[in-house]
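Let's take a walk through this model, starting with charges and rings and ending with a pair of helices. Keep the viewer open as you read.

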Amino acid sequence: MKTRTFAFALTCSLLLGCASAPPPTSAYNRPPAKRPPVQNIPSYQQSGAFNPATANAGEIDQWLIDAEGLNSDDAANLLLRAAEVLLRDGELSRADDVVGELIAPELTAEQALRLAIIRARVHRGHAEFSSALTELSDPLIEAAVIDAPIRYQLQYSQLRASLYQIEGNHLAAAREWIFIDPLLNPSQQGANRESIWQSLMQIPTSTLIEHIGSTGNRDYLGWLELASVAKDNQGDIEAQVRQRDSWVRRWPNHPARFALPGGLDKLDDLIIERPDQVALLLPVTGRLASYGKAIRDGFFAAYYETLNQGGQVPKVKLYDSNNSDINSLYQQTINDGNKLVIGPLEKEQVSALSASHPQAMSLPTLALNRIEGSQFPSGLYQFGLSPEDEAAQIADIALAKGYKRALVITPEGAWGQKVASAFVDRWQQLNGQIVASQTFDSSKNNYSKQIKNILNIDKSQQRLQRLQQIIGFRPNYEPYRRTDLDFIFLLARPNEGRAIKPLLAYHYAGDIPVYATSHIYRGSKAPTKDQDINGVRFIDIPWIFNEDLEIRQAINKGIPSSPGYQRMYALGVDSFRLHLRLKQLRNGDNNQVFGETGALSLNMLGQIERELSLAEIQNGIAVVNPITPSEIEQP
């Protein structure tokens, strides 16, 4: 996004702040929390003196007995108290039963809020996240929060933020954490602000800018603007520094002012240490030439985009890595005066370079593939479009959704086995269960037998046959699938996915969530064909979903064969942007570069990890960050 676009949005936000009437109060635009005055209330209602974390669970039965002889307010307070302690001890069902007959409108505002929190926590414990949000979104409860004791305000907002985060509504999650930040102790604010930042970093820049000026909450507005600065101008550090410094001048008292997140405080170091000459090692002839050329074209598209916007760019020397001794070629890049190397692409060449530099690379080297191993030379950064990363991220998404039991469907062969193993390993690390796995022959177009097998449909039909033999006639009987699964992990290419998803529905598993890697989506809109994978959720790089991106349109216009190499172009674009920011990634565990191949971070092995965008096929079209109606903000 161009700097002038961002500057215009900020100017508009300032004008709106001066000229517009303040927006109406809502759950998302609350006034600062108020500490209520101390009142003389009956002992059973002195909730401030009661702490579920330290309460004695042995008193629960007595509280329930006492509640039967008290007036409604005191009885409700004891029931709520008992449920809170039961929740602490993980007794979800009993906690729900204890407050089962309480009715919010018949309670005090504080009691109604406590009841909503209890019921939301029960729903969350059962992975019923939508129902939990519904409990917390009742207008009666939202009104009760404003004047509630601080600890209930904190419980309410922290619970709601976590639910929004699980459901993918990151903007709403950030707002909740921003609201409670002034209520926290200084020792708690660091972690809370990290949660704010991580949620904002999940939101596209265009969405951040769209919401600037939509609120009267100054802290919230400042966070949105700072997040926009962090995600803008990834290929032009000077422009980003100017935006950052402008933000600091406008927001001298903002909570993020004195501890700028995401490495924004260290951008000046990147300018000083920027390499002035870069070597690009790619196969531009031979069997991998089409991939090498696509990466090259993406790299130079980003290069000229930065140059045309007034940014500084290095001198670039291109070397053909095809049929070359990679170590000799690497030495040539050193002799030619390069300060950083991007490439090679082939795994074998990356392995050869790593082996010949056991301790440290002679130059910082951004390899465009990843190799096996647990220890690598310092200065070697490995960046590629690894399907294993995608499989691991799907496991993380499934855990956040509350799933525990996975069924795995993958193609036969080494590739399918490798990706499936990455998913299984990560899922089991997260204490998830694999209930069954099934492979299919990708050379065939009929997978019905395999699908029936893994869903236990064949066993159901065998039971029908035995029953028919016993009773002598065919009963009115419908086969049924296994019920011991929460979701399906599917690794399949587009044609395979379009065949498998309808079979799942045909064999009574159409209601089971299906999560897939990017391989299920061809990368361009084909609604007629993709109707067959409606409902599949998959992850892919941001570039694929942003067809209006200027740099992508420029590539597509200039290169007729471009549709088949979109992911390689994105890899080239990000290789240019990353070469500027490797130190930024090294400077902190949570620092990220926001690229076209995902949100990029660096692990302990020097490997670039990618966090991809989640999408769902709806009416044959990929919809990014899909949310359900219950997750949409209420006015």
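A charge sits over a ring if NZ of Lys or CZ of Arg is within 6 Å of the ring centre and within 35 degrees of the ring normal. Bear in mind that this is a predicted model. With that in hand, look at Arg 81: it lies over the face of Phe 50, at 4.5 Å from the ring centre. The charged end of Arg 81 also sits over the ring of Trp 63, this time 5.5 Å from the centre.

Now for rings meeting rings. Searching the whole structure turns up 21 aromatic pairs. One of them joins Phe 300 and Tyr 304, with 6.4 Å from centre to centre and 35 degrees between the planes. Why does that pair count as tilted? Planes under 30 degrees apart would be stacked and those over 60 edge-to-face, so 35 degrees lands in the tilted class. Both residues belong to helix α15 (residues 289-308), and being 4 residues apart there, they are separated by about one helical turn. Phe 300 is partly exposed at 23% relative accessibility, and Tyr 304 is partly exposed too, at 44%.

Elsewhere, ring pairs tie Tyr 403, Phe 423, Trp 427, Phe 487, Phe 489 and Tyr 515 together as a cluster.

Last stop, the helices. Helix α6 (residues 129-136) packs against helix α8 (residues 150-167) at an angle of about 145 degrees, their axes 10 Å apart. On the α6 side, the contact includes Phe 129, Leu 133 and Leu 136, while α8 brings residues including Tyr 156, Leu 159 and Arg 160. Sorted by type, the contact residues come out as 9 nonpolar, 1 polar and 2 charged. The crossing of α6 and α8 is left-handed.

Notes
Residues numbered from 1 in each chain as written. Predicted model: local features only at pLDDT ≥ 70, side-chain atom pairs only at ≥ 80, totals over all residues. Heavy atoms only, no water. Phe/Tyr/Trp six-rings, centres within 6.5 Å; stacked < 30°, edge-to-face > 60°. Helix = DSSP H or I, 4+ residues; strand = E, 2+ residues; numbered from the N terminus. Buried < 20%, exposed > 50% of the residue type's maximum accessible area, 1.4 Å probe, protein only. Axes fitted to C-alpha atoms, helices over the stretch in contact; angles between N-to-C directions. Left-handed = near helix turned anticlockwise from the far one by under 90°. Contact = heavy atoms within 4.5 Å. Nonpolar A, V, L, I, M, F, W, Y, C, P; charged D, E, K, R; others polar.
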